[in-house]
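Please consult it alongside the sequence and structure shown below.

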Amino acid sequence: MVKKESTTQDVKSISSLYAGSVGIAVYFVLIVASEVSEPIKKVLDFYPAVGPLLGKFVFALAAFFVAKYLFIGTLGNLDKKSLGKHEKTAAMWFVASSILIFLLTFPPVFGPIVEIFK
Amino acid sequence: MLFLASFSEFAEKILTLSYWEIMSDIHGGLSMFSLILFGCAITLYFSLDKFAKAFNWFKTVVVLLFTNIFLLNFMGMFIYRPYREKTDFSPRTILKASEETSWLHTIIFEHKEHLAFAPLIIMLVVAIIVVSQGKSLSSKPLLKRVVLFGIVTSLVYVLVVAAEAVLVTKTAPLR
């Protein structure tokens with residue numbers, strides 16, 4: 001019973017780490033997409049008083065929760081050893097995406113990326 | 001007597017602040033409050049094995065910190081409306097009107113508004129880990145390190161966002 005509870009706790013934590021990375025990645029994709037594509041910018045701009053920024057926040061958070069739900073379903077079937085491996089991988093992705101987002105939201109860095117897709 | 005004169009001047013002037021000035025002050029206040037909570041969270045993190053109630057306090061502070069950052073972002077969105085208003089007096093119009101100041105919007109403010117999302121999602125992950133792991137967090141060294149990384153990174157990002165906000169608002173304050 002204690003073992004099962006520990007596994008459930010780990011699944012929740014690891015899925016959050018993966019989902020956090022997905023949320024950050026989706027957020028960055030939306031930043032670039034809203035600069036590249038006018039139709040995407042319009043979808044994100046559902047509340048014109050605030051502009052597309054609100055759309056980026058809402059969709060990235062939605063991506064986080066969807067990813068978390070999907071990862072819980074996938075990781076829930078794994079054994080303890082596989083979960084241990086996923087813990088390391090998920091932590092690495094989370095740390096990397098958390099650091100990268102600082103640079104990727106800086107206009108001199110994401111500007112050239114936008115130019116590639118324009 | 002001097003105190004009364006000074007206090008009545010304060011009361012009189014503070015009541016003349018505009019609605020948006022008060023809202024942006026609340027936004028700044030939430031930002032300052034988050035710094036206190038970050039300090040508490042880091043102190044309690046290093047006290048987790050030191051006293052019995054440390055984890056419960058740490059969990060409460062982490063949840064409060066996430067709530068605070070959520071409210072901070074919500075207020076940020078709220079006061080973003082007058083900032084980007086298409087009038088001659090909105091801060092964005094003022095900044096973009098001059099070549100000298102347009103970089104404050106196109107580089108500094110753009111980075112500030114986008115980076116503000118990072119502490120929200122990082123602290124959401126940290127809060128979920130702390131709440132779901134409970135007291136067993138102490139026996140999970142990797143997750144424990146990720147929690148510290150999340151708190152410190154969020155603190156750094158909040159400080160950067162605040163510094164960028166000061167840089168922008170000292171040139172074009174929200175009124």
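**Helix packing and chain contacts**

In chain B, helix α2 (residues 19-45) and helix α3 (residues 54-84) have axes that come within 9 Å and cross at roughly 155 degrees. The model is a predicted one.

**Helices α2 and α3 of chain B**

- An angle over 145 degrees counts as roughly antiparallel, and α2(B) and α3(B) are therefore roughly antiparallel to each other.
- The crossing of α2(B) and α3(B) is left-handed.
- The contact of α2(B) with α3(B) involves 25 nonpolar residues, six polar residues and one charged residue.

**Helices α6 and α7 of chain B**

- Helix α6 (residues 117-133) of chain B packs against helix α7 (residues 141-169) of chain B at an angle of about 150 degrees, and their axes are 9 Å apart.
- These two helices, α6(B) and α7(B), are therefore roughly antiparallel to each other.
- The crossing in which α6(B) passes α7(B) is left-handed.
- From α6(B), the residues making the contact include B:Ala118, B:Pro119, B:Ile122 and B:Met123; from α7(B), they include B:Leu143, B:Val146, B:Val147 and B:Gly150.
- The residues of the contact of α6(B) with α7(B) comprise 13 nonpolar, four polar and no charged.

**Interface between chain B and chain A**

- In chain B, 33 residues are in contact with 42 residues of chain A.
- The size of an interface is often given as the accessible area lost when the parts come together.
- Between chain B and chain A, the buried area is about 3,300 Å², and carbon and sulfur atoms give 76% of this area.
- On the chain B side, B:Met77, B:His114 and B:Phe117 lose the most area to chain A, together accounting for 21% of what that side buries.

**Salt bridges**

- Side chains of opposite charge can pair when their charged atoms come close.
- Over all chains, the count comes to three salt bridges.
- Between chain B and chain A, the count is one salt bridge.
- The side chains of A:Asp10 and B:Lys140 meet in a salt bridge, at 2.9 Å from N to O.
- A:Asp10 also meets A:Lys80 in a salt bridge between side chains, at 3.4 Å from N to O.
- A:Lys80 lies in helix α4 (residues 80-104) of chain A and A:Asp10 in helix α1 (residues 2-36) of chain A, so this pair ties together parts that are 70 residues apart in sequence.

Terms used
Residues are numbered from 1 along each chain as its sequence is written. Chains are lettered from A and ligands numbered from 1 in the order in which they are written. This is a predicted model: local features need pLDDT of at least 70, side-chain atom pairs count only at pLDDT 80 or more; totals for chains, interfaces and linings use all residues. Side-chain values use heavy atoms; hydrogens and water are left out. Axes are lines fitted to C-alpha atoms, for helices over the stretch in contact, and angles run from 0 to 180 degrees between N-to-C directions. Helices (H or I, at least four residues) and strands (E, at least two) are DSSP runs, numbered from the N terminus. Angles under 35 degrees count as roughly parallel, over 145 as roughly antiparallel, 65 to 115 as roughly perpendicular and the rest as oblique. A crossing is left-handed if the near helix is turned anticlockwise from the far one by less than a right angle, and right-handed if clockwise. Ala, Val, Leu, Ile, Met, Phe, Trp, Tyr, Cys and Pro count as nonpolar, Asp, Glu, Lys and Arg as charged, and the others, Gly among them, as polar. Contact means heavy atoms within 4.5 Å. Buried area is the accessible area (1.4 Å probe) that two parts lose on being put together, summed over both. A salt bridge is a side-chain nitrogen of Lys or Arg within 4 Å of a carboxyl oxygen of Asp or Glu.
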